[in-house]
Amino acid sequence: MAVRAAVAGASGYAGGELLRLLLAHPGVEIGALTGNSNAGQKLGALQPHLLPLAGRVLEPTTPEVLAGHDVVFLALPHGQSAAVAEQLGPDVLVIDMGADFRLKDAGDWERFYGSPHAGTWPYGLPELPGARAALQGSRRVAVPGCYPTAVSLALFPAYAAALAEPEAVIVAASGTSGAGKAAKPHLLGSEVMGSMSPYGVGGLHRHTPEMMQNLGAVAGEPVTVSFTPTLAPMPRGILATCTAKAKPGVTAEAVRAAYEKALADEPFVHLLPEGQWPATASVYGSNAVQVQVAYDAAAGRIIAISAIDNLAKGTAGGAVQSMNLALGLDETTGLTTIGVAP
Ligand SMILES: NC(=O)C1=CN([C@@H]2O[C@H](COP(=O)(O)OP(=O)(O)OC[C@H]3O[C@@H](n4cnc5c(N)ncnc54)[C@H](OP(=O)(O)O)[C@@H]3O)[C@@H](O)[C@H]2O)C=CC1
Ligand SMILES: CC(=O)N[C@@H](CCC(=O)OP(=O)(O)O)C(=O)O
(Lines give C-alpha, C1' and ligand atoms only; values in the text may rest on other atoms or scores of the structure.)
(Ligands and ions follow the chains in the order given, each with its own letter.)
Protein backbone atom coordinates (compact mmCIF):
# COMPACT_ATOMS: atom_id res chain seq x y z
CA MET A 1 0.00 0.00 0.00
CA ALA A 2 1.28 3.48 -0.90
CA VAL A 3 2.33 5.90 1.85
CA ARG A 4 0.71 9.33 1.83
CA ALA A 5 3.25 12.16 1.69
CA ALA A 6 2.81 15.90 2.27
CA VAL A 7 5.29 18.43 0.90
CA ALA A 8 5.75 21.72 2.76
CA GLY A 9 7.50 24.28 0.56
CA ALA A 10 6.05 22.83 -2.65
CA SER A 11 6.44 26.16 -4.47
CA GLY A 12 10.24 26.22 -4.05
CA TYR A 13 13.04 24.62 -6.05
CA ALA A 14 13.66 21.79 -3.58
CA GLY A 15 9.93 21.09 -3.17
CA GLY A 16 9.45 21.11 -6.94
CA GLU A 17 12.26 18.63 -7.54
CA LEU A 18 10.94 16.43 -4.75
CA LEU A 19 7.49 16.36 -6.36
CA ARG A 20 9.04 15.46 -9.72
CA LEU A 21 10.62 12.42 -8.03
CA LEU A 22 7.58 11.49 -5.94
CA LEU A 23 5.37 11.48 -9.04
CA ALA A 24 7.55 8.63 -10.36
CA HIS A 25 7.71 6.75 -7.03
CA PRO A 26 5.53 3.63 -7.02
CA GLY A 27 5.09 3.60 -3.23
CA VAL A 28 3.97 7.20 -2.65
CA GLU A 29 0.64 8.97 -2.95
CA ILE A 30 1.01 12.77 -2.95
CA GLY A 31 -1.08 14.45 -0.24
CA ALA A 32 -1.10 18.06 0.91
CA LEU A 33 1.11 20.62 -0.83
CA THR A 34 1.86 23.80 1.09
CA GLY A 35 3.46 27.17 0.50
CA ASN A 36 3.87 30.45 2.31
CA SER A 37 3.44 33.63 0.21
CA ASN A 38 2.06 31.47 -2.62
CA ALA A 39 -0.61 29.69 -0.54
CA GLY A 40 -3.88 29.75 -2.49
CA GLN A 41 -2.09 29.60 -5.88
CA LYS A 42 -2.36 26.66 -8.25
CA LEU A 43 0.84 24.63 -8.45
CA GLY A 44 0.69 24.82 -12.25
CA ALA A 45 1.40 28.55 -12.06
CA LEU A 46 4.54 27.99 -9.98
CA GLN A 47 5.89 24.61 -11.13
CA PRO A 48 4.69 24.38 -14.73
CA HIS A 49 6.87 21.31 -15.38
CA LEU A 50 4.78 19.22 -12.94
CA LEU A 51 1.81 18.74 -15.27
CA PRO A 52 0.02 15.97 -13.33
CA LEU A 53 -0.22 18.32 -10.32
CA ALA A 54 -1.00 21.52 -12.21
CA GLY A 55 -4.51 21.86 -10.81
CA ARG A 56 -3.54 21.32 -7.17
CA VAL A 57 -3.88 24.37 -4.90
CA LEU A 58 -1.17 25.23 -2.37
CA GLU A 59 -2.41 25.31 1.22
CA PRO A 60 -0.81 27.23 4.09
CA THR A 61 1.92 25.44 6.06
CA THR A 62 0.00 24.60 9.25
CA PRO A 63 -0.07 21.52 11.53
CA GLU A 64 -3.71 20.93 10.54
CA VAL A 65 -2.90 20.79 6.83
CA LEU A 66 0.12 18.52 7.41
CA ALA A 67 -1.80 16.16 9.76
CA GLY A 68 -2.95 12.72 8.55
CA HIS A 69 0.11 11.87 6.44
CA ASP A 70 2.59 9.00 6.80
CA VAL A 71 5.49 11.15 5.56
CA VAL A 72 5.97 14.93 5.74
CA PHE A 73 8.78 16.56 3.74
CA LEU A 74 9.87 20.02 4.90
CA ALA A 75 11.46 22.02 2.06
CA LEU A 76 11.46 25.29 3.97
CA PRO A 77 14.09 27.98 4.58
CA HIS A 78 16.62 27.37 7.38
CA GLY A 79 15.18 27.81 10.83
CA GLN A 80 11.57 27.24 9.76
CA SER A 81 11.44 23.43 10.08
CA ALA A 82 11.80 22.96 13.81
CA ALA A 83 8.58 24.75 14.78
CA VAL A 84 6.61 22.76 12.19
CA ALA A 85 8.26 19.44 13.08
CA GLU A 86 7.43 19.66 16.76
CA GLN A 87 3.72 19.72 15.88
CA LEU A 88 3.99 16.40 14.02
CA GLY A 89 3.51 13.11 15.91
CA PRO A 90 6.37 10.68 16.64
CA ASP A 91 4.94 8.06 14.25
CA VAL A 92 5.06 10.39 11.25
CA LEU A 93 8.22 10.18 9.15
CA VAL A 94 9.48 13.79 9.00
CA ILE A 95 12.20 14.51 6.42
CA ASP A 96 13.78 17.94 6.81
CA MET A 97 15.47 19.19 3.65
CA GLY A 98 16.64 22.33 5.44
CA ALA A 99 19.56 22.60 7.83
CA ASP A 100 17.79 22.71 11.20
CA PHE A 101 18.72 19.20 12.41
CA ARG A 102 21.99 18.49 10.57
CA LEU A 103 24.58 19.70 13.06
CA LYS A 104 25.45 17.96 16.31
CA ASP A 105 27.26 20.87 17.91
CA ALA A 106 24.94 23.62 19.19
CA GLY A 107 27.82 26.13 19.14
CA ASP A 108 28.45 25.48 15.44
CA TRP A 109 24.76 25.94 14.71
CA GLU A 110 24.53 29.22 16.59
CA ARG A 111 27.72 30.58 14.98
CA PHE A 112 26.67 29.84 11.40
CA TYR A 113 22.89 30.15 11.54
CA GLY A 114 22.46 32.71 14.32
CA SER A 115 19.50 31.11 16.12
CA PRO A 116 19.03 28.58 18.96
CA HIS A 117 19.87 24.97 18.03
CA ALA A 118 16.77 22.78 17.55
CA GLY A 119 18.49 19.36 17.85
CA THR A 120 20.08 16.63 15.75
CA TRP A 121 18.37 13.95 13.65
CA PRO A 122 19.76 10.90 11.82
CA TYR A 123 21.72 12.22 8.85
CA GLY A 124 20.44 11.41 5.39
CA LEU A 125 23.68 10.52 3.62
CA PRO A 126 23.38 6.70 3.60
CA GLU A 127 26.80 6.19 2.00
CA LEU A 128 28.67 7.43 5.07
CA PRO A 129 29.83 4.66 7.45
CA GLY A 130 27.04 3.76 9.89
CA ALA A 131 24.47 6.08 8.33
CA ARG A 132 22.27 3.40 6.72
CA ALA A 133 21.70 1.65 10.02
CA ALA A 134 20.68 4.92 11.69
CA LEU A 135 18.20 5.71 8.90
CA GLN A 136 16.50 2.29 8.79
CA GLY A 137 13.20 2.63 10.66
CA SER A 138 13.91 6.21 11.78
CA ARG A 139 10.98 8.63 11.94
CA ARG A 140 13.16 11.75 11.63
CA VAL A 141 15.75 12.49 8.91
CA ALA A 142 17.99 15.52 8.38
CA VAL A 143 18.84 15.71 4.66
CA PRO A 144 22.42 17.01 4.16
CA GLY A 145 23.33 20.29 2.53
CA CYS A 146 24.13 20.07 -1.17
CA TYR A 147 27.83 20.99 -0.87
CA PRO A 148 28.41 18.63 2.11
CA THR A 149 26.84 15.82 0.05
CA ALA A 150 29.28 16.36 -2.83
CA VAL A 151 32.32 16.89 -0.60
CA SER A 152 31.66 14.09 1.90
CA LEU A 153 31.15 11.53 -0.87
CA ALA A 154 34.37 12.64 -2.59
CA LEU A 155 36.57 12.50 0.49
CA PHE A 156 35.18 9.92 2.90
CA PRO A 157 36.98 6.95 1.27
CA ALA A 158 40.34 8.67 1.83
CA TYR A 159 39.59 9.29 5.51
CA ALA A 160 37.99 5.85 6.04
CA ALA A 161 41.25 4.27 4.86
CA ALA A 162 43.40 6.70 6.93
CA LEU A 163 45.18 7.92 3.79
CA ALA A 164 44.73 11.68 4.26
CA GLU A 165 45.94 14.23 6.79
CA PRO A 166 43.07 15.91 8.67
CA GLU A 167 43.15 19.17 6.70
CA ALA A 168 41.10 19.34 3.50
CA VAL A 169 40.98 22.15 0.94
CA ILE A 170 37.82 22.34 -1.14
CA VAL A 171 36.73 24.53 -4.02
CA ALA A 172 33.27 23.79 -5.36
CA ALA A 173 31.17 25.32 -8.10
CA SER A 174 27.39 25.32 -7.79
CA GLY A 175 24.58 26.10 -10.20
CA THR A 176 22.30 28.99 -9.34
CA SER A 177 19.31 26.88 -8.21
CA GLY A 178 21.31 26.18 -5.03
CA ALA A 179 20.38 29.63 -3.84
CA GLY A 180 16.62 28.96 -3.98
CA LYS A 181 13.88 30.71 -5.93
CA ALA A 182 13.71 33.98 -4.02
CA ALA A 183 15.18 36.76 -6.20
CA LYS A 184 18.67 37.87 -5.16
CA PRO A 185 20.55 40.73 -6.89
CA HIS A 186 23.77 38.73 -7.43
CA LEU A 187 21.71 36.02 -9.15
CA LEU A 188 20.21 38.18 -11.86
CA GLY A 189 20.84 36.66 -15.29
CA SER A 190 23.01 39.58 -16.32
CA GLU A 191 25.27 39.07 -13.27
CA VAL A 192 25.55 35.29 -13.54
CA MET A 193 25.67 34.60 -17.27
CA GLY A 194 29.18 34.17 -18.65
CA SER A 195 30.85 34.60 -15.26
CA MET A 196 32.01 32.60 -12.26
CA SER A 197 32.49 34.17 -8.86
CA PRO A 198 33.37 33.07 -5.32
CA TYR A 199 31.30 33.81 -2.21
CA GLY A 200 31.42 32.92 1.49
CA VAL A 201 35.24 32.97 1.30
CA GLY A 202 37.42 32.51 4.38
CA GLY A 203 35.53 29.87 6.34
CA LEU A 204 32.27 31.81 6.31
CA HIS A 205 30.02 29.35 4.48
CA ARG A 206 27.51 27.57 6.74
CA HIS A 207 28.25 24.20 5.16
CA THR A 208 31.83 24.22 6.50
CA PRO A 209 30.97 22.80 9.97
CA GLU A 210 28.74 20.16 8.34
CA MET A 211 31.65 18.96 6.19
CA MET A 212 33.95 18.93 9.22
CA GLN A 213 31.37 16.94 11.18
CA ASN A 214 31.07 14.31 8.44
CA LEU A 215 34.76 13.93 7.65
CA GLY A 216 35.80 14.07 11.32
CA ALA A 217 33.39 11.23 12.15
CA VAL A 218 34.88 9.07 9.39
CA ALA A 219 38.50 9.96 10.25
CA GLY A 220 38.04 9.45 13.98
CA GLU A 221 39.75 12.79 14.62
CA PRO A 222 38.86 16.45 13.91
CA VAL A 223 39.27 17.36 10.24
CA THR A 224 39.80 21.02 9.35
CA VAL A 225 38.10 22.15 6.15
CA SER A 226 38.96 25.22 4.09
CA PHE A 227 35.94 25.61 1.82
CA THR A 228 35.51 28.07 -1.04
CA PRO A 229 32.16 27.97 -2.87
CA THR A 230 31.78 29.52 -6.30
CA LEU A 231 28.72 30.32 -8.35
CA ALA A 232 28.66 28.93 -11.90
CA PRO A 233 26.45 30.03 -14.80
CA MET A 234 24.31 26.88 -14.95
CA PRO A 235 20.91 26.11 -13.39
CA ARG A 236 21.89 22.88 -11.61
CA GLY A 237 24.95 20.95 -10.57
CA ILE A 238 27.89 20.95 -8.18
CA LEU A 239 31.47 20.11 -9.09
CA ALA A 240 33.56 19.74 -5.93
CA THR A 241 37.36 19.63 -6.14
CA CYS A 242 38.69 18.37 -2.83
CA THR A 243 42.32 17.91 -1.88
CA ALA A 244 44.14 16.74 1.22
CA LYS A 245 47.79 16.05 1.96
CA ALA A 246 48.50 12.33 1.83
CA LYS A 247 49.83 10.56 4.92
CA PRO A 248 53.45 9.36 4.66
CA GLY A 249 53.92 6.26 2.50
CA VAL A 250 50.67 6.62 0.56
CA THR A 251 50.81 5.46 -3.08
CA ALA A 252 48.56 6.04 -6.09
CA GLU A 253 47.67 2.32 -6.00
CA ALA A 254 46.61 2.52 -2.34
CA VAL A 255 44.41 5.53 -3.04
CA ARG A 256 42.70 3.84 -6.00
CA ALA A 257 42.17 0.64 -4.02
CA ALA A 258 40.62 2.53 -1.08
CA TYR A 259 38.11 4.27 -3.36
CA GLU A 260 37.26 1.05 -5.21
CA LYS A 261 36.62 -0.70 -1.90
CA ALA A 262 34.55 2.09 -0.34
CA LEU A 263 32.31 2.68 -3.36
CA ALA A 264 32.05 -0.83 -4.84
CA ASP A 265 28.52 -1.58 -3.67
CA GLU A 266 27.01 1.90 -3.78
CA PRO A 267 23.99 2.13 -6.09
CA PHE A 268 24.36 5.86 -6.74
CA VAL A 269 28.03 6.76 -6.23
CA HIS A 270 30.16 5.76 -9.20
CA LEU A 271 33.95 5.79 -9.18
CA LEU A 272 34.76 6.57 -12.80
CA PRO A 273 37.31 4.52 -14.76
CA GLU A 274 40.81 5.97 -14.55
CA GLY A 275 41.27 8.85 -16.98
CA GLN A 276 37.60 9.95 -16.91
CA TRP A 277 36.53 12.98 -14.90
CA PRO A 278 33.21 13.95 -13.28
CA ALA A 279 31.02 16.48 -15.06
CA THR A 280 27.80 18.10 -13.86
CA ALA A 281 26.15 17.49 -17.24
CA SER A 282 26.46 13.73 -16.71
CA VAL A 283 24.33 13.74 -13.53
CA TYR A 284 21.75 16.34 -14.55
CA GLY A 285 18.37 15.27 -13.17
CA SER A 286 19.70 11.99 -11.79
CA ASN A 287 20.56 10.74 -8.32
CA ALA A 288 23.98 9.62 -9.48
CA VAL A 289 27.26 10.91 -8.07
CA GLN A 290 30.39 10.74 -10.17
CA VAL A 291 33.69 10.49 -8.29
CA GLN A 292 37.26 10.38 -9.51
CA VAL A 293 40.46 10.39 -7.48
CA ALA A 294 44.11 11.00 -8.27
CA TYR A 295 47.34 11.08 -6.31
CA ASP A 296 49.57 14.05 -7.10
CA ALA A 297 52.92 12.57 -6.14
CA ALA A 298 54.87 15.83 -6.62
CA ALA A 299 52.59 17.74 -4.27
CA GLY A 300 51.93 14.75 -2.00
CA ARG A 301 48.19 15.39 -2.20
CA ILE A 302 45.09 13.31 -2.82
CA ILE A 303 42.68 14.98 -5.24
CA ALA A 304 39.08 13.78 -5.20
CA ILE A 305 36.49 15.30 -7.49
CA SER A 306 32.74 14.73 -7.42
CA ALA A 307 29.78 15.88 -9.49
CA ILE A 308 26.16 15.87 -8.32
CA ASP A 309 22.90 17.50 -9.26
CA ASN A 310 22.34 19.82 -6.29
CA LEU A 311 18.57 19.49 -6.51
CA ALA A 312 18.60 15.69 -7.02
CA LYS A 313 21.20 13.80 -4.92
CA GLY A 314 21.99 17.16 -3.29
CA THR A 315 18.52 17.49 -1.77
CA ALA A 316 15.33 15.88 -3.18
CA GLY A 317 16.96 12.64 -4.36
CA GLY A 318 18.80 12.29 -1.07
CA ALA A 319 15.49 12.88 0.71
CA VAL A 320 13.73 10.11 -1.26
CA GLN A 321 16.69 7.71 -0.76
CA SER A 322 16.49 8.32 2.99
CA MET A 323 12.69 7.94 2.98
CA ASN A 324 13.08 4.56 1.27
CA LEU A 325 15.49 3.38 3.97
CA ALA A 326 13.34 4.72 6.80
CA LEU A 327 10.27 2.93 5.39
CA GLY A 328 12.09 -0.35 4.71
CA LEU A 329 11.76 -0.01 0.92
CA ASP A 330 14.52 -0.78 -1.54
CA GLU A 331 16.85 2.22 -1.25
CA THR A 332 16.75 2.92 -4.98
CA THR A 333 12.94 2.92 -5.42
CA GLY A 334 11.77 5.81 -7.59
CA LEU A 335 15.31 7.08 -8.19
CA THR A 336 17.36 6.96 -11.36
CA THR A 337 21.03 7.09 -12.25
CA ILE A 338 20.11 8.02 -15.80
CA GLY A 339 20.86 11.64 -16.67
CA VAL A 340 19.78 13.95 -19.50
CA ALA A 341 22.20 14.76 -22.30
CA PRO A 342 23.29 16.84 -24.08
N1 LIG B 1 18.17 24.59 -3.73
C2 LIG B 1 19.02 23.64 -3.38
O3 LIG B 1 19.91 23.21 -4.16
C4 LIG B 1 18.97 23.03 -2.02
C5 LIG B 1 18.04 23.43 -1.07
N6 LIG B 1 18.02 22.84 0.16
C7 LIG B 1 17.13 23.29 1.21
O8 LIG B 1 15.77 23.16 0.89
C9 LIG B 1 15.06 24.19 1.55
C10 LIG B 1 14.24 24.94 0.50
O11 LIG B 1 15.15 25.53 -0.43
P12 LIG B 1 14.72 26.01 -1.87
O13 LIG B 1 13.62 25.19 -2.39
O14 LIG B 1 15.96 26.14 -2.65
O15 LIG B 1 14.14 27.49 -1.53
P16 LIG B 1 13.03 28.30 -2.30
O17 LIG B 1 13.25 29.71 -1.90
O18 LIG B 1 13.03 27.96 -3.72
O19 LIG B 1 11.65 27.80 -1.64
C20 LIG B 1 11.34 28.05 -0.30
C21 LIG B 1 9.99 27.41 0.04
O22 LIG B 1 9.70 27.64 1.41
C23 LIG B 1 8.48 28.39 1.53
N24 LIG B 1 8.63 29.36 2.62
C25 LIG B 1 9.32 30.53 2.61
N26 LIG B 1 9.25 31.12 3.82
C27 LIG B 1 8.47 30.32 4.59
C28 LIG B 1 8.01 30.41 5.93
N29 LIG B 1 8.33 31.44 6.71
N30 LIG B 1 7.22 29.42 6.40
C31 LIG B 1 6.86 28.38 5.61
N32 LIG B 1 7.27 28.26 4.33
C33 LIG B 1 8.06 29.21 3.84
C34 LIG B 1 8.27 29.05 0.18
O35 LIG B 1 6.89 29.28 -0.01
P36 LIG B 1 6.32 30.47 -0.95
O37 LIG B 1 7.02 30.34 -2.27
O38 LIG B 1 4.87 30.13 -1.06
O39 LIG B 1 6.60 31.76 -0.24
C40 LIG B 1 8.85 27.98 -0.76
O41 LIG B 1 7.91 26.96 -0.99
C42 LIG B 1 16.07 25.11 2.23
O43 LIG B 1 16.19 24.80 3.59
C44 LIG B 1 17.32 24.76 1.49
O45 LIG B 1 18.42 24.97 2.29
C46 LIG B 1 18.89 21.84 0.44
C47 LIG B 1 19.83 21.42 -0.43
C48 LIG B 1 19.95 21.99 -1.74
C1 LIG C 1 24.58 28.53 -5.04
C2 LIG C 1 24.10 28.71 -3.60
O3 LIG C 1 23.79 29.81 -3.20
N4 LIG C 1 24.01 27.61 -2.86
C5 LIG C 1 23.57 27.64 -1.49
C6 LIG C 1 23.68 26.29 -0.84
C7 LIG C 1 22.68 25.33 -1.30
C8 LIG C 1 21.68 24.91 -0.25
O9 LIG C 1 20.53 25.22 -0.39
O10 LIG C 1 22.10 24.27 0.81
P11 LIG C 1 21.27 24.24 2.16
O12 LIG C 1 20.40 23.08 2.11
O13 LIG C 1 22.14 24.20 3.33
O14 LIG C 1 20.53 25.54 2.15
C15 LIG C 1 24.45 28.56 -0.66
O16 LIG C 1 25.64 28.61 -0.87
O17 LIG C 1 23.91 29.12 0.30
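Which helices each supply at least two residues of the shell around ligand 1? In this predicted model, the helices are α1 (13-23) and α11 (312-327).

## Shell around ligand 1

Ligand 1 is surrounded by 30 residues, the closest being Gly12, Gly35, Asn38, Gly98 and Gly180. Helix α1 provides the largest share of this shell, namely three residues.

Both domain 1 (3-144 + 313-327) and domain 2 (147-310) contribute at least three residues each to the shell around ligand 1. By class, the shell around ligand 1 comprises 19 polar residues, 10 nonpolar residues and one charged residue.

## Packing of α7 and α10

Two packed helices are described by the distance between their axes and by the angle between them. For helix α7 (residues 146-160) and helix α10 (residues 252-263), the axes come within 9 Å and cross at roughly 110 degrees. Angles of 65 to 115 degrees count as roughly perpendicular, and α7 and α10 are therefore roughly perpendicular to each other. The crossing of α7 and α10 is right-handed.

On the α7 side, the contact is formed by Phe156, Pro157, Ala158 and Ala160, which meet Ala258, Tyr259, Ala262 and Leu263 of α10. The contact of α7 with α10 has eight nonpolar residues, with no polar and no charged residues.

Definitions and conventions:
Residues numbered from 1 in each chain as written. Chains lettered and ligands numbered in written order. Predicted model: local features only at pLDDT ≥ 70, side-chain atom pairs only at ≥ 80, totals over all residues. Near = placed C-beta within 6 Å. Helix = DSSP H or I, 4+ residues; strand = E, 2+ residues; numbered from the N terminus. Nonpolar A, V, L, I, M, F, W, Y, C, P; charged D, E, K, R; others polar. Domains from an automatic or database assignment. Axes fitted to C-alpha atoms, helices over the stretch in contact; angles between N-to-C directions. Parallel < 35°, antiparallel > 145°, perpendicular 65-115°, else oblique. Left-handed = near helix turned anticlockwise from the far one by under 90°. Contact = placed C-beta atoms within 7 Å.
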